[in-house]
Amino acid sequence: MDLDQAMQDRRSIRGFTGDPVPRAVLEEVIALANRAPSSMNTQPWHFHVLTGEPLERVRQGNSERMLAGVPVQREIMDHGEYEGVHRTRQIEIAVQLFEAMGIERHDKAKRQDWVMRGFRQFDAPVSVVVCFDKSLEDRSTIAHFDLGAATYGLVLAAWSRGLGAVINGQGIMQSPVVREVAQIPDDQVILTCVALGWPDEGFSANAVKSRRRPVENTARFIGFDDTAESLKAGE
Ligand SMILES: Cc1cc2nc3c(=O)[nH]c(=O)nc-3n(C[C@H](O)[C@H](O)[C@H](O)COP(=O)(O)O)c2cc1C
């Protein structure tokens, strides 16, 4: 698959067929993710790939605790409530997803069901728990950057093989459960997880294409011939 096409077409997949994903395919995907750039080639990432019974235990533990009102227990700092443009964009994608799924704004039961799906990692056959070396925790911003690059690589490599994925912060909201079931070593910090599997073509949310800001809103070009005049004019 052409890289541009994969980057254009990729979207988060939140509905999966029950078909298992062969370990060999997952190994290929992780080998490609491992090619990500990192600060001074430190490669601080670790992927713990769960399926079957251990994944069911994670789903169950995560869901039960969230339902019981156990406070979120992440190993990274919480981003808190988004505000301003970030909140606007958050609402926009939620509206798109809810519309696709036929979830009315005031339908509390269906909304709750959607949130619970997230805690169950959308019932994906595979969950990749993404961790970084704890020794870098105090300098974690750069390690987070490295892991973001590797995780995006993983998702794109999966996509180019026909696999669907969603980076799923909800899946590690009860990180002690993940840590215990997956036996995450003490010298690693859980950052996020990726729910992964074969896309269910009939699942309407899978067709949702989230919007992006155009280049003129995300980038400035300085020193290019055609911007010299506008810079001079103080624009
Ligand atoms: C760090 C991170 C955490 C995310 N956590 C969740 C999540 O818990 N649940 C979910 O449905 N999507 C989650 N997503 C997916 C985003 O909602 C999605 O990437 C965004 O809306 C853009 O849509 P797209 O991936 O289809 O382009 C997460 C993405 C990132 C990068």
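Predicted model: local features only at pLDDT ≥ 70, side-chain atom pairs only at ≥ 80, totals over all residues.
Two packed helices are described by the angle between their axes and the distance between the axes. Here the axes of H2 and H6 come within 8 Å, and they cross at roughly 140°. That angle is why H2 counts as oblique to H6.

Which residues make the contact? From H2 there are Val29, Ile30, Leu32 and Ala33. They meet Ala150, Gly153, Leu154, Ala157 and Ala158 of H6. By class, this contact of H2 with H6 has 8 nonpolar residues, 1 polar residue and no charged ones.

Next, the core. The largest nonpolar core has 43 residues, and the members that touch the most others are Val129, Val130, Leu154, Ala158, Ala165, Val194 and Leu196. At least two core residues each come from helices H2, H3, H6 and H7 and from strands S1, S2, S3 and S4. H6, spanning 140-160, gives the largest share, 8 residues.

Take Ala165 from that list. Leaving out residues up to four places away in sequence, what does Ala165 touch? Its contacts are Ile13, Val155, Ala158, Val194, Ala195 and Leu196.

Last, a residue in a loop. Pro214 sits between S4 and helix H8, which runs 215-218. Is Pro214 buried or exposed? Pro214 has 8 other C-beta atoms within 10 Å, and exposed means 12 or fewer, so Pro214 is exposed. Between Pro214 and Tyr82 the sequence separation is 132 residues, and their C-alpha atoms are 21 Å apart in space.

Conventions: Residues numbered from 1 in each chain as written. Core = buried A, V, L, I, M, F, W, Y, C linked by C-beta atoms within 7 Å. Buried ≥ 20, exposed ≤ 12 C-beta atoms within 10 Å, placed from the backbone. Helix = DSSP H or I, 4+ residues; strand = E, 2+ residues; numbered from the N terminus. Contact = placed C-beta atoms within 7 Å. Axes fitted to C-alpha atoms, helices over the stretch in contact; angles between N-to-C directions. Parallel < 35°, antiparallel > 145°, perpendicular 65-115°, else oblique. Nonpolar A, V, L, I, M, F, W, Y, C, P; charged D, E, K, R; others polar.
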